[in-house]
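Hi,

Here is the structure I promised to pass on. My notes follow below it; have a look when you get a moment.

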Amino acid sequence: DIAPGDVLGLTAFKTFNLQAGDPNNEIEKYLVMAGHNYPDTGLQEYNPFEEAEVPSDQRFFQSTGPFTLAPGDTVSMVVAIVAGSTLEALQTVADQAKTIYDNNFILPSAPDHPEVTVVPGDKKVYISWENNAEQSKDPYYVFTSDPTSLLYDAKYKEQDFEGYRVWRSRTGLVGDWELLAEYDKTSFTPRSAAITRLAGEWTGTVSYDAGTVEGYILAYGGTGLFSGHEYLLRVNSDNTFSVSDVTLGGIDLPLASVADHWYETGDTPPSFEVFDNEMNSMVDSTGAQYFDGCYLCFGGMVLSFTGPAPSENVIFRIVGRVEESEGENSGLRYAYIDSNLTNGVTYYYDVTAYDFQITSPHSLENGIEGIAVVPRTDAGDYALPSVDVTAEHTAGSGDGSVTISIANPLSVTGDTYEVHFAADDDGAIYWYLKNVDTGETVLDKMYNQAGDDNYPIVDGLKVVVAGPSLGVKFVDEVRNAEGPVDPKPEDHKGDNLWYSLNSTKDWYCDETGGHQDLGRLAWGHPELLGDHDYEVRFTENGSVAFDLNTDLHKLTSRVPFELWDIGYTPDDPSDDVRLSIYILDDDADNAWDYGEGIYGTTDPYDETLDFLDWTASRAFGRLVFNDYSGETTAPAAGTVVRLTTNKPNTSEDVYGFGTSKATALSKSDADLSKIKVVPNPYLVRNRWEPSADYSKLQFTHLPEKCTIRIYTLAGNLVQTLEHDGAESHSGTEDWDLLSKDNQKVSSGLYIFHVESGVGDKVGKFAIVR
């Protein structure tokens with residue numbers, strides 16, 4: 001007996017084929033469902049579970065029952081359709097399906113739906129959304145994170161948010177949505193390999209070693225080594241490996257001829273190589289021989305083997321999966337303005353969130369809900385909200401910037417704001433936004449200073465805080481032989497000499513090549529240049545230096561200058577550090593001359609060195625001094641050239657900006673001349689109308705509150721409309737072309753009168769039916 005709520009399970013499993021035929025009527029079908037044989041070729045037998053022993057085109061009939069139902073009763077049934085490549089896999093999947101049922105169908109889910117705000121504008125719509133979806137936790141993770149669960153998956157992430165999609169529709173109906181934009185995080189499907197045993201029995205194991213691939217093979221040999229091809233790998237009964245490249249037509253790969261073939265030759269021609277567990281090549285010892293604990297490298301992949309040698313040939317299919325970006329990696333943002341719209345037309349918008357898992361399911365997205373909005377003209381007696389586009393740098397010496405844009409005009413407060421910076425417990429710099437008028441911190445602990453679009457919307461604003469790019473911003477002569485050089489222009493620290501003559505008009509600096517690009521001074525490593533300032537100081541004694549053209553051997557002649565890292569405080573010598581120098585001695589005269597590049601290192605200066613190690617970290621390069629006077633003599637001793645770098649934002653920096661919310665205009669400032677009727681004339685119908693049974697025209701650029709009276713030419717009142725656009729500062733009012741008696745108006749010429757607190761307007765329009 002099965003008690004209510006108990007699982008009844010499968011009560012019959014019957015098979016039949018083309019030869020035997022299918023049950024033809026309800027009685028025959030019921031007998032089969034009840035577990036009896038079909039067809040009845042002899043004595044009727046009850047045999048609920050049978051196996052098809054002869055391979056053929058089989059039908060499977062599975063049933064559960066019987067159920068006794070009174071009229072009106074219902075029975076709920078849950079059916080799982082499962083599939084697997086082997087019987088063992090099928091049983092595993094079936095057990096997983098039962099586990100999902102026992103877990104009350106808690107399955108992988110999409111992130112929470114973003115909280116979306118849609119605001120109409122004049123021929124545009126402002127869409128903004130909160131970041132709540134990014135905090136979503138997948139409830140399925142409770143089971144995938146439990147090693148004892150049949151659903152355990154170590155790769156499954158609890159927080160798997162990936163990005164947003166912005167949608168628009170003219171109808172709001174399913175299937176009628178247009179994708180306007182997609183914004184996603186930077187993420188990748190990592191390189192991997194799918195391994196399938198195709199033939200042979202073996203008790204050993206083979207696995208893809210991602211750590212060795214990423215941290216060793218590709219790190220030193222380049223990601224181009226990873227082919228992403230399909231291979232057939234055979235572990236032979238004679239304990240050797242054989243590899244063929246299916247993607248290239250099944251060609252056999254030879255055993256590498258040199259140790260570390262992948263590194264020495266760039267895997268040209270493609271070969272395979274065996275290593276021990278410390279990645280020592282076996283080319284010159286055991287060659288292609290299999291042994292317990294060996295590694296096999298081919299196509300940029302590394303496979304790890306454990307277990308005894310096979311007693312028969314074992315064949316594996318290996319498919320490399322190349323790293324691929326998920327989406328466009330465009331970066332996140334939280335606002336979108338849809339422009340060039342038609343006022344008076346209803347549009348539907350929504351923003352959905354989707355996730356990304358390396359495992360299955362790859363990505364889920366929440367459903368489109370849709371918010372209706374109608375673009376309209378702005379009220380004629382209101383000034384639109386505004387904001388200082390670029391904030392004023394009121395304190396500090398950072399070289400960052402703050403720019404502001406309006407994402408939701410209805411939320412702009414009209415207050416003044418300041419951006420401040422602080423350091424967290426780990427020393428990382430973050431910024432916060434303070435409303436000066438209220439004293440409230442409206443954004444806190446914001447670490448993004450990339451200057452991209454990934455900034456939240458607050459008080460209707462997108463505030464983009466950007467830190468400067470590392471690099472040199474000024475190259476100035478701050479001293480000559482006579483003493484300090486006055487700043488020219490004022491924002492430099494001395495006389496600008498980047499492609500500009502120095503104070504004595506004898507020489508100038510560049511990077512050679514005529515690019516006039518200060519970025520060349522960073523030489524591709526701005527992180528080494530950092531935010532310290534540097535000085536090239538011409539002295540009587542100069543420095544030892546090393547030649548890049550001779551593998552950094554010391555020049556026999558001294559160079560007439562010294563290189564100094566002067567830290568953050570140019571006027572305080574206590575933190576100055578003298579650095580080593582190397583040059584490009586292009587004319588091989590063992591001396592520095594005008595036109596030869598100077599390179600700075602981060603290594604402290606050492607007079608005793610004969611050779612500068614290549615591991616010396618380059619701080620900057622290439623700085624070139626060029627002769628202009630024709631005298632070919634170096635700048636005079638006492639000359640100091642300073643390289644001033646961009647400075648990051650610090651706790652001393654403050655940026656301020658103001659906003660203005662939508663404000664009512666005075667009677668003298670309000671412009672009622674823009675009020676008009678559209679379309680005019682009204683011809684039969686217009687594109688705003690959802691159907692031929694619904695007519696509509698609009699009065700535009702109205703004051704926020706007003707009364708519209710419509711008259712015939714004879715002065716008869718046709719209709720009175722009360723316009724109140726206070727909620728969104730709308731200047732548009734619809735008229736359905738019905739009279740005050742609810743009758744369709746006829747063709748003709750009509751007069752309208754707009755009465756408001758800021759003045760009146762009289763106009764006319766025509767209707768043609």
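First, a term: I call it a salt bridge when a side-chain nitrogen of Lys or Arg is within 4 Å of a carboxyl oxygen of Asp or Glu. With that rule, a search of the whole structure turns up 22 salt bridges.

Some housekeeping. This is a predicted model, so local features need pLDDT of at least 70 and side-chain atom pairs count only at pLDDT 80 or more, while totals for chains, interfaces and linings use all residues. Numbering starts from 1 along each chain as its sequence is written, and side-chain values use heavy atoms, with hydrogens and water left out.

Now the sheet. Four strands make an open, antiparallel sheet in the order 6-5-19-20 (strands are DSSP E runs of at least two residues, helices H or I runs of at least four, both numbered from the N terminus; two strands pair if DSSP finds at least two bridges between them). Strand 6 (178-184) and strand 20 (371-373) are at the edges with a single partner strand each, so one side of each has no neighbour in the sheet. Strand 5 (residues 161-169) and strand 19 (residues 347-355) are joined by eight bridges, and Trp167 has Asp350 in strand 19 as its bridge partner.

Glu182 and Arg165 meet at 3.4 Å, N to O; Glu182 is in strand 6 and Arg165 in strand 5, so the pair ties together parts 17 residues apart in sequence. Glu182 is partly exposed at 29% relative accessible area, and Arg165 is buried at 17% (buried is under 20%, exposed over 50%, partly exposed in between, with a 1.4 Å probe and protein chains only). The other is Arg168 with Asp338, at 2.7 Å, N to O. That pair links Arg168 in strand 5 to Asp338 in strand 18 (residues 335-338), 170 residues apart, and both residues are buried.

Elsewhere, Asp610 forms a salt bridge with Lys554, with the closest N and O atoms 3.2 Å apart. Asp610 lies in the loop between strand 39 (598-604) and strand 40 (618-627) and Lys554 in strand 36 (residues 553-554), so parts 56 residues apart in sequence are tied together. Asp610 is exposed at 55%, whereas Lys554 is partly exposed at 26%. There is also a salt-bridge network linking Glu535, Arg537, Asp576 and Arg642.

Cheers
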